[in-house]
Amino acid sequence: MKDLTRYRNIGIFAHVDAGKTTTTERILKLTGKIHKIGEVHEGAATTDFMEQEQERGITIQSAATSCFWNEHQLNIIDTPGHVDFTIEVYRSLKVLDGGIGVFCGSGGVEPQSETNWRYANDSEVARIIYVNKLDRIGADFYRVVKQVETVLAAKPLVMVLPIGTEGDFVGVVDLLTRKAWVWDESGDPMNYEIKEPPAEMKDDIEAWREKLVEMAVEQDDSLMEKYLEGEEVSVEELQRCIRKGTIDLAFFPTYCGSSFKNKGVQLVLNAVVDYLPNPTEVKPQPEVDLEGNETGEFAAVDPEKPLRALAFKIMDDRFGALTFTRIYSGTLSKGESVLNTATGKTERVSRLVEMHANSREEIDSAQAGDIVAIVGMKNVQTGHTLCDPKNPATLEPMVFPDPVISIAVAPAKKGSAEKLGLALSKMVQEDPSFQVETDPDSGEMIIKGMGELHLDIKVDILRRTHGVEVEVGKPQVAYRESITKQITDTYIHKKQSGGSGQFGKIEYIIEPGEPGTGFQFESKVTGGNVPREFWPAVQKGFESSIDKGVLAGFPLVDVKFTLTDGAYHPVDSSAIAFEIAAKSGYRQSLPKAGPQLLEPIMNVDVFTPDDHVGDVIGDLNRRRGMIKSQDPGATGVRIKAEVPLSEMFGYIGDLRTMTSGRGQFSMEFDHYAPCPKNVADDVIKEVKEREALAKK
């Protein structure tokens, strides 16, 4: 049996360009997993193995690897930072026990760091903070620590202080031991000395160490008393308190360094081992029934218990489909059968592998706490539970956001439609935030995703990985429809055609619901005018209709239907008659209820140098944006705004032109809001024209 206390399942997450992948490369070098460091900007990083990642210098999909440090096994997942691939971070955090949040020393807490931090809070993942790139111009460790407190509302526990700034950054002072770690300029991470810190830092070191001790001893009442009585608390006792506070999310140990210059990464690795939890120290996963309700049972991390494992990522490669799986309890062996509770089918585990980016090592078995990949599973999708067929249970599933942008794709060559269909179905399995559907009117294939870059990369993967050339339409926004007025109406469905007929009468109210409530249905029928067994049919009729609004056919949201009265016939009434009555009533009444078009509004975060702030704000205003805040930093200004998605297409090119290539931005979906009339009219007209063309 493996010793689970020597396991650390960790993820590295951050804003795009904060240096996650570079940090992962340094960790792999220090732990002896790789011998030559690959650089992201050269397209040679180990965990960025997709062609698209190497060309663009960004991480697109999470990569898994294992390595050893101080006799502990680290299972590491390097995740993307770009907002279009947030799904990869979300599903990785779901199966990890701890994380390293990487922040840029000059950029500070950037928009995607906030999103990732929120996901980590939701998943209750213990974290340490690593402020990277302290060798850059404008880097300021203390400013980033302050931002962690103000922007993330988190409690950083400062563990090290930087020695020197920007180009003079040479190392860090470990506050626990009061020793300085100083690296030479050779770039070799092993060329460092541990010595006394610079004399001029003495006061700062003592002040920050006192803060550290005060925060740490709050975790242990007896140590708190000892400290208050003026006794010295030992380093071992402090480490024990820091470990407890980190696992309880009371605070986040905070480190700094420069991964690119190989300075400071060893202390982060020591912190992973010393302070992040092992699999037995995190809350066990709750089990749920088929409806998604918690059963009160938990999947405890124990190799002796029945098998409980969660498939958190599907990846297609030259060896077949790889199903990345986190084992929560029990053991999984090659050759045995497992039950997929989502499909009710059992599948045989033909091969098990331990991953190192895109290379792998075959293994015979794995146990609770392990993250492994199963080769060749046929019907498993992200979020499915694999378990012991004799002892079934479902783990809490993952919830994925709806796509906000779509484009039409068609095969460039006549004969490759089938090949395109196969490629797209594989891609949907790999990425749950990517959806494909066929437009019923035009027969066009529509792909949907989280942003322009997301779909851009999907089209690239189709061309390169699957060898399918496609023609791409212009991006379409995922609009929604809603209503503004309450309406009371009646509908009678009556059909007589020899034999028994159909009859169903309903009286109902349709009214706007609260934002975010989706579809609601209630029956207030008394006295049996519409028998209780027909209520679900009325609900089903209304619910199946909201997929298509009456203005432009976009889904209807935030609406409440109330069945108030009706009538039935003892012979002719049936569930189907009442379902048809509800569907027809919907089409009859909705145009009278003040329908309106809603558009997705994005949270946009723009970074611009000081001298272009006016241009950027003016441009956002022209795009119907609402400026929320301006935050001056060391190297420029961060502008936060809410802007309709339809106005943001091609924004990156315009921003680069305005800021001479120095501006950056990120955006994520925030909420739906009513469209101005002129915009709504244009959208409805365009949809009608498209439908007319499709009919021809």
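Is Lys-448 buried, partly exposed or exposed? Keep that question in mind as you read these notes on a predicted model; point 4 settles it.

1. Let's start with a sheet. Four strands make up an open sheet, and their order across it is S31-S32-S34-S33, with mixed pairing. At the edges sit strand S31 (487-495) and strand S33 (519-523), each of which pairs on one side only. Going from one strand to the next, the twist averages 25 degrees. As background, strands of a sheet pair through backbone hydrogen bonds, in either a parallel or an antiparallel way.

2. Now look at one pair of neighbours. S33 runs parallel to strand S34 (residues 559-567), and 5 bridges connect the two. To find your way around on screen, look for Phe-521, which stands opposite Phe-561 in S34.

3. Two helices go with this sheet. Helix H12 (residues 535-545) packs on the sheet and touches strand S32 (502-512), S33 and S34. The direction of H12 makes about 155 degrees with that of S33. Helix H13 (residues 575-589) lies across S31, S32 and S34, and runs at about 40 degrees to S32.

4. Next come the salt bridges; the count for the model is 25. In one of them, the side chains of Glu-437 and Lys-448 meet, with an N to O distance of 3.3 Å. Glu-437 belongs to strand S26 (residues 435-438) and Lys-448 to strand S27 (residues 445-449), so this pair ties together parts that are 11 residues apart in sequence. Here is the answer to the opening question: Lys-448 is partly exposed, because its relative accessible area is 22% and this class covers values between 20% and 50%. Glu-437 is partly exposed too, with a relative accessible area of 38%.

5. Another salt bridge links Lys-505 with Glu-507, where the closest N and O atoms are 3.7 Å apart. Lys-505 has 22% relative accessibility and so counts as partly exposed. Glu-507, at 26% relative accessibility, also counts as partly exposed.

6. What about Asp-619 and Arg-623: are they buried or exposed? Both residues are buried. Their side chains meet in a salt bridge, 2.8 Å from N to O. The picture then widens, as salt bridges that share partners join Asp-619, Arg-622, Arg-623 and Asp-654 into one network.

Terms used. Residues are numbered from 1 along each chain as its sequence is written. This is a predicted model: local features need pLDDT of at least 70, side-chain atom pairs count only at pLDDT 80 or more; totals for chains, interfaces and linings use all residues. Side-chain values use heavy atoms; hydrogens and water are left out. Two strands pair if DSSP finds at least two bridges between them. Axes are lines fitted to C-alpha atoms, for helices over the stretch in contact, and angles run from 0 to 180 degrees between N-to-C directions. Contact means heavy atoms within 4.5 Å. A salt bridge is a side-chain nitrogen of Lys or Arg within 4 Å of a carboxyl oxygen of Asp or Glu. Buried means under 20% relative accessible area, exposed over 50%, partly exposed in between (1.4 Å probe, protein chains only).
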